[in-house]
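Student: I have not seen this structure before. Could we go through how its descriptions are reached?

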Amino acid sequence: MSTQPEPKNVKAARFSPAAGAASFFRWLSSSRKKYGGEWWIMIAGIVVIVLILTMTVFPQVFTRYSPTDQNAGGQMTPPSRDHIMGTDNLSRDVWARVVYGAQTILGVAMAAALLSAIIGIPLGLLSGFAGGVFDRILSLVMDSMYSFPGLILAIAFAAMLGPGVINITLAVAVVYIPTYFRLVRGQTLSIKEEVYVEAARAIGARRGTILTRYIFPNVIATVVVILSLNIADAIMTEASLSYIGLGLPAGIPDWGMDLSMGKKFLPSGIWWMITFPGLMIMLLALGFTMLGEGLAEILNPRLLEK
Amino acid sequence: MRHLLNYLVTRILLTIPMIFIMLTLIFVVLRVMPGDPVSAMLGGHAPQQVIDEQKAKLGLNKPIAAQYVDYLGHLIHLDLGDSMIFNEKVSSPILDKLPATIELTLFGLLASLGIGIPLGAYAARRRRTGRDYGIRVYANVVYCIPVFWMGLLLQLVFGVFLGWFPISGRTGPRVDISSFTWSGFYIIDTLRAGDMAVFGDVLWHLVLPALTLGIVLSGIFVRLTRANMLDVLKGDYILAARARGIPERRVVYNHGLRNALIPIVTMLGLQFSLLLAGAILTESTFSWPGMGRLLLERIYLRDYPVIQGVIIVYTLFVSFVSLLVDLLYAAIDPRVKY
């Protein structure tokens, strides 16, 4: 990412969606030749994510049933032509619940990951850049949170906040703040010693400028990779919380909640109630993992080596 | 030896701020957020006066800072306080449930190492073949499986359809466990009593929960082992071993794997907190009477002291394991000195 000002005589490039898409596809096809296997992993991830995203935007296209319709079919009927994934204990269509449940988990996971990035990145930048006591204390707090099992922290927050979509998002977000903090702080520490930062200082750039114009743009590339892997993690945490029964109010279709419901009927061999929501959680998490790992390999091959 | 002692003391002192930070966080969160033990216990119908009296009795009417100082005062004397809901010391339910959690995590860890390391080593040996790719896909897929779903699937297949293993609890319903309460670790207690039938029953109940944790975490160990093996196999001593005509299998598994295991040991500490988180979900899936279920149960009741106690014990558990890992590292790698 360049931090140099644009030369004056070049016609200011205006962003148009068509040109943007074209350059994106050009980048895609050129990166395919360069990276082989990793490229396909990334594409597979993108395909899964786009598919599930479409599900969240146009659920009616995928199913004609409503996820809360308690007269969709018989009670706990196995998969059939009318109900491809069967029906649950309240006679609701399992496939409809899977389709509409995507909205909840994807929304919560993405919002939570973004929120922790928005809090974690500035803290990491400041901490790494400022150093001193502030850095010591913040690092200690973040390291403690990081080494502690994240789910327990999320459980404590979710339980105290009570059920609700916003509350579960906050509970998940808290867990991942240290992830961004540690990453960004580490990068800031090394970037701040680079020659171009010294040069900026020498020409009299203010500290704020150095931080936002010189260090931040160089940190952001790695953050993109971590964001994708982090969403995968957040998906699992959201599902875990709602599986335990701590996250969402009844009535909102959610995969984790459906699993805990299905668990009650598992001893009688009702396999379809637990198989499909779980499969979707796995697929969605896998999609973001593949995207993240593919991107990591392409953008920064050394990131995941550790 | 002096260095080791210095190191040990420093490490132990370093866990104190960690416990302190987690504790403070939980303490404040518990009290700032809505809900309290008295309302949870009495329900919404009790008159305000009764609620206020109860709160005063438990010290909940004081400012948070004062409550915090009180609590720390007890904690310095290693006293976790009393439950606010039941008539018991905080330590008694914790000591009751801790062995179940340790038993589960230990066997889960063993299962994940037992699955992950051989698969990873094999994949490294057969690098860039179909089997290698197969194992790598397994590792990535398994990592994305939610622990509780894995548990449910195993329950469904091996418990309900095949009927091979029980799907809940630590023992069968007919076992009178009150005669095995020496340490709380049923495996040890039943062996100590020499009751092989019950010992078998206990082991039988451990299989699915341990396998659940084991399979999900094995993905990480496959990847770690494979990556380390590939590094190690480039070493000169591997070339030397091959040159001496030692069979390839022995070169890979004896010379290579032993050295590849060293970095894996250092990663164990980090994986352990994943393991603990997974254990909570597994406990909930398999009705396993451990710390995770205790925590969930008491969170609903807003039993502040027990929740804080559980968090402290978890933090201690994590720090203890990471200390243990460091010592183990020094023991297996003579180059490491503290």
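Student: How many helices and how many strands are there in chain B?

Tutor: This is a predicted model. Chain B has 13 helices and zero strands. Along the sequence, its pattern reads α-α-α-α-α-α-α-α-α-α-α-α-α. The C-alpha atoms of chain B fill a box of roughly 85 × 55 × 40 Å along the principal axes.

Student: What share of the residues in chain B is buried?

Tutor: Of the 338 residues in chain B, 38% are buried. Among contacts in chain B with a separation of 6 or more, 75% join residues 24 or more positions apart.

Student: Why is B:Ser287 called exposed?

Tutor: B:Ser287 has 12 C-beta neighbours inside 10 Å, so B:Ser287 counts as exposed. B:Ser287 is in the loop between helix 11 and helix 12 of chain B. Its phi is near 45°, a positive value in a residue other than glycine.

Student: Is B:Arg302 buried or exposed, and what makes it so?

Tutor: The cut-off for buried is 20 or more other C-beta atoms within 10 Å. B:Arg302 has 23 C-beta neighbours inside 10 Å and therefore counts as buried. B:Arg302 is in the loop between helix 12 and helix 13 of chain B. Phi of B:Arg302 is near 55°, which is positive in a residue other than glycine.

Student: How do you know whether B:Thr181 is buried or exposed?

Tutor: B:Thr181 has 10 C-beta neighbours inside 10 Å, so B:Thr181 counts as exposed. B:Thr181 lies in the loop between helix 7 and helix 8 (186-193) of chain B. B:Thr181 and B:Asp96 are 85 residues apart in sequence, with their C-alpha atoms 9.6 Å apart in space.

Student: At what angle do helix 9 and helix 11 of chain A cross?

Tutor: The axes of helix 9 (residues 207-244) of chain A and helix 11 (residues 272-299) of chain A come within 9 Å and cross at roughly 165°. Angles over 145 degrees count as roughly antiparallel. Therefore helix 9 of chain A is roughly antiparallel to helix 11 of chain A. The crossing of helix 9 of chain A with helix 11 of chain A is left-handed.

Student: Which classes of residue make up that contact?

Tutor: The contact of helix 9 of chain A with helix 11 of chain A has 17 nonpolar, three polar and no charged residues.

Student: Which residues have the most contacts inside the largest nonpolar core?

Tutor: They are A:Ala154, A:Ile155, A:Ala158, A:Ile235 and A:Ala285, in a core of 170 residues. Helix 9 of chain A gives the largest share of this core, 17 residues. Leaving out residues up to four places away in sequence, A:Ile155 touches A:Leu241, A:Ile244, A:Leu246, B:Leu295 and B:Ile299.

Student: How many residues does each chain give to the contact between chain A and chain B?

Tutor: Chain B gives 33 residues and chain A gives 35 residues. Among the elements giving two or more residues to the side of chain B that touches chain A are helix 1 (2-32), helix 11 (248-285) and helix 13 (304-332) of chain B. The residues on that side of chain B divide into 28 nonpolar, five polar and no charged.

Definitions and conventions:
Residues are numbered from 1 along each chain as its sequence is written. Chains are lettered from A and ligands numbered from 1 in the order in which they are written. This is a predicted model: local features need pLDDT of at least 70, side-chain atom pairs count only at pLDDT 80 or more; totals for chains, interfaces and linings use all residues. Axes are lines fitted to C-alpha atoms, for helices over the stretch in contact, and angles run from 0 to 180 degrees between N-to-C directions. Helices (H or I, at least four residues) and strands (E, at least two) are DSSP runs, numbered from the N terminus. Angles under 35 degrees count as roughly parallel, over 145 as roughly antiparallel, 65 to 115 as roughly perpendicular and the rest as oblique. A crossing is left-handed if the near helix is turned anticlockwise from the far one by less than a right angle, and right-handed if clockwise. Ala, Val, Leu, Ile, Met, Phe, Trp, Tyr, Cys and Pro count as nonpolar, Asp, Glu, Lys and Arg as charged, and the others, Gly among them, as polar. Two residues are in contact if their C-beta atoms, placed from the backbone, lie within 7 Å. A nonpolar core is a set of buried Ala, Val, Leu, Ile, Met, Phe, Trp, Tyr and Cys residues joined through C-beta atoms within 7 Å.
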